[in-house]
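Hi there,

Here is the structure I promised to send over. Have a look at it first, and my notes on what turned up follow below.

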Amino acid sequence: MNNLLAQLNPAFDHRNRLGIMALLVTNERVDYNTLRSSLQLTDGNLASHLKPLETNGYISFHKVFIA
């Protein structure tokens, strides 16, 4: 089992990143507020977990401002 965990991609080394990916596997798109509330994260904490996933090509952003 330790060998399997050692091979885990570092982009998924935190439970919040796994939670983000789990939500995205079951939903094609998830808005920022839904991610934040579902995972009970602050804005800064969520952003810090999204960045490595984006950098590694696992997710992409579509930013829209709603007035």
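The charged end of Lys63 sits over the ring of Phe61, 6.0 Å from the ring centre. For this to count, NZ of Lys or CZ of Arg has to be within 6 Å of the ring centre and within 35 degrees of the ring normal. Aromatic pairs, on the other hand, number 0 in this structure. A pair would need rings of Phe, Tyr or Trp (its six-membered ring) with centres within 6.5 Å; planes under 30 degrees apart would be stacked, over 60 edge-to-face, and the rest tilted.

Please keep in mind that this is a predicted model, in which local features need pLDDT of at least 70 and side-chain atom pairs count only at pLDDT 80 or more, while totals for chains, interfaces and linings use all residues. Residues are numbered from 1 along each chain as its sequence is written, and side-chain values use heavy atoms, with hydrogens and water left out.

On confidence, the protein chain averages a pLDDT (the predictor's confidence in each residue, from 0 to 100) of 88, and 96% of the residues score at least 70. Helix 1 (residues 2-6) has the lowest confidence, with a mean of 69, and helix 3 (residues 32-39) the highest, at 95.

As for the fold, the protein chain has 4 helices and 0 strands. Both are DSSP runs numbered from the N terminus: helices are H or I with at least four residues, strands E with at least two. The C-alpha trace spans about 50 × 25 × 25 Å along its principal axes. Of the 67 residues in the chain, 24% are buried; that means under 20% relative accessible area, with exposed being over 50% and partly exposed in between (1.4 Å probe, protein chains only).

What makes up the largest nonpolar core? It has 11 residues: Ala11, Phe12, Ile20, Met21, Leu35, Leu39, Leu41, Leu46, Leu50, Leu53 and Ile59. Helix 2 (15-26), helix 3 and helix 4 each give two or more residues to this core, and helix 4 provides the largest share, 3 residues. A nonpolar core here is a set of buried Ala, Val, Leu, Ile, Met, Phe, Trp, Tyr and Cys residues joined through side-chain atoms within 4.5 Å.

Ile20 is in contact (heavy atoms within 4.5 Å) with Leu35, Leu39, Leu46, His49, Leu50 and Leu53, leaving aside neighbours within four places in sequence. Met21, in helix 2, counts as buried because its relative accessibility is 17%. With residues up to four places away in sequence not counted, Met21 touches Phe12, Leu53, Tyr58 and Ile59.

Next, His49 in helix 4 (residues 43-55). Its relative accessibility is 8%, so His49 counts as buried. The side chains of His49 and Arg17 are joined by a polar contact of 3.3 Å. That term covers a pair of N or O atoms within 3.5 Å; within protein, one must be able to donate a hydrogen and the other to accept it, and residues adjacent in sequence count only if both atoms are side-chain atoms.

Lastly, the two ends of helix 3. Asp31 caps its N-terminal end, with a side-chain oxygen 3.1 Å from the backbone nitrogen of Asn33. After helix 3 comes Gln40, with a positive phi near 55 degrees. Most residues other than glycine have a negative phi. Gln40 lies in the loop between helix 3 and helix 4 and, at 72% relative accessibility, counts as exposed.

Best wishes
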